Amino acid sequence: MTTEIMPAQDLPQIKGVKDVPYDELFVSGHRTCQGCESALVMRHMVKASGPRTIVLGSTGCMYVANTTYYTTPWVVPWMHTQLGASGSAALGTAAGLKVLMRKGKLKNEKINVIAFCGDGGGADMGIGAISATLTHKDYNCLVLLYDNESYANTDIQLSSQTPYGAVTTFSPSGDKKRLMHTRWKKNVPGMLAAGHPESRYIAAGCAAYAVDLMNKIRKALELGGPTFVHTLDPCPKGWDYHPQYSQELGHLAVETGIWPLYEVVDGVCNLTGPTRQIAEGRKKRKPVYEYLKRQGRFAHFIDEDVEHFQAQVDKMWTDWLIPGVIPFTVPAKDVAILKIDKKPMHEQKTA
Amino acid sequence: MAEERSVSIEVVYRGIFQKTLAQRICRSVVLAARKRGHTGTAFARYGDSPERNGVPAKQFAVVAADELELEASMAKYEPSVVDVSIAVDDTLVKGVESWAWYGRQPIWKPVRANGWLLVTSDKKPDEVLAQTDKAERPYTLGIVPGGASFAGLWVYKDDHTDFRVLGALAKILPQWIALDDAKAASLELAKGDQSAVASVQYGYDATTMRRVKDGEGTSGHEVLQFKKPGWTKMRPGVIVEARKPGERNPYYKKYGARTMRPVVNFDTCIKCTMCWLDCPDECFEVTPEGHYEVVYEACIGCGICAQVCPVKDCIVMVDELKFTDNKDKWQLWKTDHSKYNSWFEDMSGVSADPKKGASGSVPPNANPAANAATNPGADPAANPTTSAGGDE
Ligand SMILES: Cc1ncc(C[n+]2csc(CCOP(=O)(O)OP(=O)(O)O)c2C)c(N)n1
Ligand code: SF4
Ligand code: SF4
Ligand code: SF4
């Protein structure tokens with residue numbers, strides 16, 4: 001028996017800011033913080049996907065601050081999903097729609113299914129369900145991980161996405177131990193891209209590059225199957241800076257090379273935006289200090305910490321197989337392997 | 001007053017930005033009162049957690065003659081009537097809306113008759129009163145000199161607002177907080193730094209009092225109250241009605257969370273859409289001419305639009321207390337250009353004609369966004385909205 005893939009919506013790429021759809025499907029009146037970039041991700045996400053979209057939201061700021069006390073900013077159907085369940089919710093909803101349409105209980109229609117989760121709900125608790133979802137290639141759904149680098153809703157606890165050394169309520173800086181948290185941020189999109197050949201689209205974006213982000217969401221939905229987009233969202237509350245700098249910090253995260261923008265389409269990795277310019281040598285990477293010094297969560301850093309941070313980022317750019325994306329290096333003796341004849345077997349030359 | 005057995009104080013503050021400050025005020029009150037042999041406790045309101053930055057929140061201090069009295073006062077999970085309310089950001093006098101369904105409440109709402117409202121402000125009592133809801137019972141307004149202190153989350157930049165407030169409290173509640181005790185407590189909290197004592201004395205001396213009679217204040221603020229549906233009326237599955245396209249959520253307007261708001265110079269706007277695109281609160285509406293006007297009811301005052309606008313001084317962030325309403329302003333520009341432009345100049349202190357440069361008495365970059373961006377090392381006192389974090 002062959003599985004039938006549901007047709008996906010045509011979502012043409014947005015050519016520039018003037019081409020961005022005007023209608024808001026996530027309207028004002030959400031109680032997120034001043035300058036919340038995660039709220040902006042929600043707005044851009046539904047703007048890009050359009051009115052025929054179902055959104056499912058895992059517990060976190062984007063649920064609690066958006067839909068509190070019987071009031072909501074969502075124009076599209078939205079459902080609260082358990083913390084850690086975004087993958088299951090996405091897959092289940094896509095499967096449910098498919099069955100209802102097959103049985104004629106629902107009009108045959110192209111509907112986008114997007115489940116979002118925070119870094120706590122996605123990179124920590126929900127990673128298993130997301131991974132499982134990405135292997136089910138016959139269902140169209142997108143999981144969007146909005147990453148404010150902490151469990152922000154419950155007042156800023158450490159997650160696997162919290163950057164090296166950052167202060168959180170679980171990792172304060174003390175007299176005895178200046179850095180309570182010294183793990184390097186987990187590479188979620190890289191890991192998911194490497195491990196899920198069934199997924200046709202996996203990307204990393206940032207709302208500070210709104211058009212790039214919206215196009216990634218559109219491409220994910222248009223290609224169909226299970227897809228994944230990870231966004232880095234400056235969070236003034238947890239990162240401790242004045243909300244007016246949210247956009248600027250998004251730009252700095254990319255320009256310093258800490259947060260590379262890329263997409264993996266059918267196994268092929270494209271760097272996008274300034275990340276591409278940096279990789280091609282058309283733009284210089286900014287020192288990470290530019291980014292770190294603007295945030296209170298790094299205020300306890302001494303030179304040594306900044307140097308370590310810089311060295312780690314440098315390594316991502318100089319030593320990795322794909323800069324900032326795939327954390328592999330090839331031993332010198334095996335460099336030849338990379339040049340292996342990749343033609344189909346019958347076309348390969350025999351020695 | 002001698003026979004009173006307990007006193008309750010609330011601190012109303014901007015969520016997150018001033019959380020540490022509110023904590024320190026509540027703690028110092030209790031510490032000072034204990035030096036007199038009283039007892040007391042400091043606590044936060046559960047309902048405000050998780051706090052969102054800018055959104056009003058409350059913390060409390062209750063001081064009592066003995067443990068029994070304290071327990072009796074503490075039986076209430078949050079005091080609905082307080083002796084003193086302290087607003088650590090003067091824009092809070094426009095009303096407090098912390099969470100949905102409460103609606104916007106006058107700042108004096110929990111203050112008992114003849115109680116006190118202390119506001120930290122650089123303005124005169126009458127200017128502050130002009131923006132405070134019309135009083136329904138008499139109280140005393142005290143102005144503690146100083147701008148809003150935006151002490152950050154992790155890094156507390158000490159500007160002694162807490163000690164000045166403690167000094168002001170010593171003035172109005174001497175039987176609970178004696179000036180000497182306040183000084184001793186501040187010295188302890190500041191780890192021996194004598195300037196803390198000077199700040200307590202300054203708060204004591206420089207706080208100005210103004211009796212407020214019934215009916216004084218403004219009636220210009222919007223009434224914003226909602227009816228709770230109650231769980232029996234909720235639809236099965238807790239289904240909430242979606243918003244209609246183009247509609248805004250009427251149950252939560254963001255202006256109560258704002259200390260600054262943007263004003264737009266439509267004459268210099270190049271219609272680039274950046275403000276609209278990057279506003280996390282969906283505030284901008286496109287006009288028939290292709291300009292972007294701010295819907296002030298939705299604006300939380302984050303300042304991102306002013307930061308991303310490529311034209312210098314086209315969007316300027318202005319002190320919220322300069323405004324008396326939340327009406328959109330583009331209509332005015334449409335019907336009367338010059339009237340709008342003089343309004344813009346008056347508010348922003350920036351000339352509406354970029355060729356002319358600065359106007360009025362305010363320096364050209366009164367815009368704190370521009371100020372902080374071009375001059376990151378600026379004196380934090382001169383720019384109280386600069387983040388506590390790492391700019392220096
Ligand atoms: C199973 C479960 N555990 C714990 C919680 C409490 N909780 C609510 S929100 C939250 C933080 C979620 O963090 P994240 O997914 O990073 O989203 P953010 O708040 O940062 O937007 C937690 C732990 C919960 N709701 N459900
Ligand atoms: S805590 Fe951070 S993610 Fe949550 S609402 Fe505030 S700014 Fe947004
Ligand atoms: S200050 Fe500007 S960006 Fe921020 S909410 Fe208001 S209109 Fe939007
Ligand atoms: S960002 Fe500035 S120039 Fe661009 S549309 Fe908005 S107000 Fe006009």
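Which residues surround ligand 2? The legends below, drawn from a predicted model, begin with that site.

**Figure 1. Ligand 2 at the boundary of two chains.** In this predicted model, ligand 2 lies between chains A and B. Ligand 2 is surrounded by A:T32, A:C33, A:C36, A:S38, A:C61, A:N148, A:A152, A:C235, A:P236, A:K237 and B:R52. Classified by residue type, this shell comprises six nonpolar, three polar and two charged residues.

**Figure 2. The surroundings of ligand 1.** Ligand 1 is surrounded by 15 residues, of which the closest are A:G120, A:G121, A:Y146, A:N148 and A:N153. Helix α4 of chain A, spanning residues 119-125, gives the most to this shell, contributing three residues. The shell around ligand 1 divides into nine polar, five nonpolar and one charged residue.

**Figure 3. Backbone contacts of ligand 1.** A backbone N or O atom of A:G120 is placed 2.7 Å from an oxygen atom of ligand 1. A polar backbone atom of A:A152 lies 2.9 Å from an oxygen atom of the ligand, and for a polar backbone atom of A:C61 the corresponding distance is 3.0 Å. On its own, ligand 1 has 590 Å² of accessible area, and the protein covers 73% of it.

**Figure 4. The shell of ligand 4 in chain B.** The residues around ligand 4 are B:C269, B:I270, B:K271, B:C272, B:T273, B:C275, B:Y292, B:C309, B:P310, B:V311, B:C314 and B:I315. Ten residues of this shell are nonpolar, one is polar and one is charged.

**Figure 5. The seven-stranded sheet of chain B.** Seven strands of chain B form an open sheet with mixed pairing, in the order β2-β3-β1-β4-β5-β6-β7. The edges are held by β2 (39-44) and β7 (208-212) of chain B, each of which has a single partner strand, so one side of each is left without a neighbour in the sheet. On average, and with direction ignored, neighbouring strands of this sheet are turned by 20° against each other.

**Figure 6. Strand β2 of chain B, its partner and a packed helix.** In chain B, β2 pairs with β3 (residues 56-64) in the antiparallel sense over six bridges. Within this pair, B:T41 has B:V62 of β3(B) as its bridge partner. Helix α2 of chain B (residues 67-74) packs on the sheet and touches β1 (6-14), β2 and β3 of chain B. The direction of helix α2 makes about 25° with that of β2(B).

Note on methods. Residues numbered from 1 in each chain as written. Chains lettered and ligands numbered in written order. Predicted model: local features only at pLDDT ≥ 70, side-chain atom pairs only at ≥ 80, totals over all residues. Heavy atoms only, no water. Near = heavy atom within 4 Å. Nonpolar A, V, L, I, M, F, W, Y, C, P; charged D, E, K, R; others polar. Pairing = 2+ DSSP bridges. Helix = DSSP H or I, 4+ residues; strand = E, 2+ residues; numbered from the N terminus. Axes fitted to C-alpha atoms, helices over the stretch in contact; angles between N-to-C directions. Contact = heavy atoms within 4.5 Å. Polar contact = N/O pair within 3.5 Å; in protein donor to acceptor, adjacent residues only side chain to side chain. Areas by Shrake-Rupley, 256 points an atom, 1.4 Å probe, with all protein chains shown as cover.
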